[in-house]
Amino acid sequence: MLRLARVVLTGLMLGVCALPALAQTGGGIYSCVDAKGRKLTSDRPIRECADREQLLLNPSGTVRAVVPPSLTGPERAALEAKQRREAEERARQAEEKRRERALLVRYPNRSVHDKERAEALSQISVVRQAAMNRVKELQRQRKELDTELEFYAKDPEKVPPSLRRLVEDNEKSMAVQERFIADQDAEMVRVNARFDEELQRLQQLWAQIAAPATN
């Protein structure tokens, strides 16, 4: 019995001595569910779960320890803000890549881009020319009205109401056409600016595509 007791005691002492060694060797798998509901695992503490408990698992899958949150409230808020910024930046970059791919599909070369610019400007020019033609017609009408008004130059109060209305309508129509023409001029500037911006980016993309072929 005494010999058996000594064997058991020796085994217990060896087990106690082995615990620090196990802690030093590390190992195991960290597991957690992050703020987005994703289950994450890693061979080291998981940064995305720094604000919540993490399970340290043995290779067999049993729980070795529970690692408590390592961040304070302000630190957790700062981490979440950083993660949001990173997610927004990833989304922005992905959208930029999507737009670049769409540009290349639409404009595989400079001639296609130049052709579409010319067509867009031509459509505006057609509408603008129609307004210019209307202005010329209104100017012709105004000359006729001015000729009639000359009969009442010495006594403007005697101008017939119907003639006054024609003059007012002419002036209003002229103002409308002038504003419309100004809008079309501004639209031409806007369209040219858009195509210029696209062309600048496309030239970079075309160069990137051509570069591997020349190497």
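Residues are numbered from 1 along each chain as its sequence is written, and side-chain values use heavy atoms, with hydrogens and water left out. In this predicted model, local features need pLDDT of at least 70 and side-chain atom pairs count only at pLDDT 80 or more, while totals for chains, interfaces and linings use all residues.

**Exercise 1. Secondary structure and sheet**

Task: Determine how many helices and strands the chain contains, and in which order the strands form the sheet.

Solution. 
1. Helices (H or I, at least four residues) and strands (E, at least two) are taken as DSSP runs, numbered from the N terminus. The chain has four helices and four strands, in the sequence pattern α-β-β-β-β-α-α-α.
2. Two strands pair if DSSP finds at least two bridges between them. On this basis the four strands form an open, antiparallel sheet with the order E2-E1-E3-E4.
3. Strand E2 (39-42) and strand E4 (63-67) are the edge strands, each pairing on one side only.
4. From one strand to the next, the twist averages 25 degrees, where axes are lines fitted to C-alpha atoms, for helices over the stretch in contact, and angles run from 0 to 180 degrees between N-to-C directions.
5. Strand E1 (residues 29-33) runs antiparallel to E2 and is joined to E2 by four bridges. Tyrosine 30 has serine 42 in E2 as its bridge partner.

**Exercise 2. The disulfide**

Task: Identify which cysteines a disulfide joins, and state where in the chain they lie.

Solution. 
1. The criterion is a pair of cysteine sulfur atoms within 2.5 Å; by this rule there is one disulfide.
2. The disulfide joins cysteine 32 to cysteine 49, with an S to S distance of 1.9 Å.
3. Cysteine 32 lies in strand E1 and cysteine 49 in the loop between E2 and strand E3 (54-57), so the pair ties together parts 17 residues apart in sequence.
4. The torsion about the S-S bond of cysteine 32 and cysteine 49 is about 75 degrees, and the disulfide is therefore right-handed.
5. Buried means under 20% relative accessible area, exposed over 50%, and partly exposed in between (1.4 Å probe, protein chains only). Cysteine 32, at 5%, is buried, and cysteine 49, at 0%, is buried.

**Exercise 3. Threonine 72**

Task: Locate threonine 72 in the chain and classify its accessibility.

Solution. 
1. Threonine 72 is in the loop between E4 and helix H2 (73-106).
2. Its relative accessibility is 41%, so threonine 72 counts as partly exposed.
3. The C-alpha atoms of threonine 72 and aspartate 51 are separated by 7.9 Å, the two residues being 21 residues apart along the chain.
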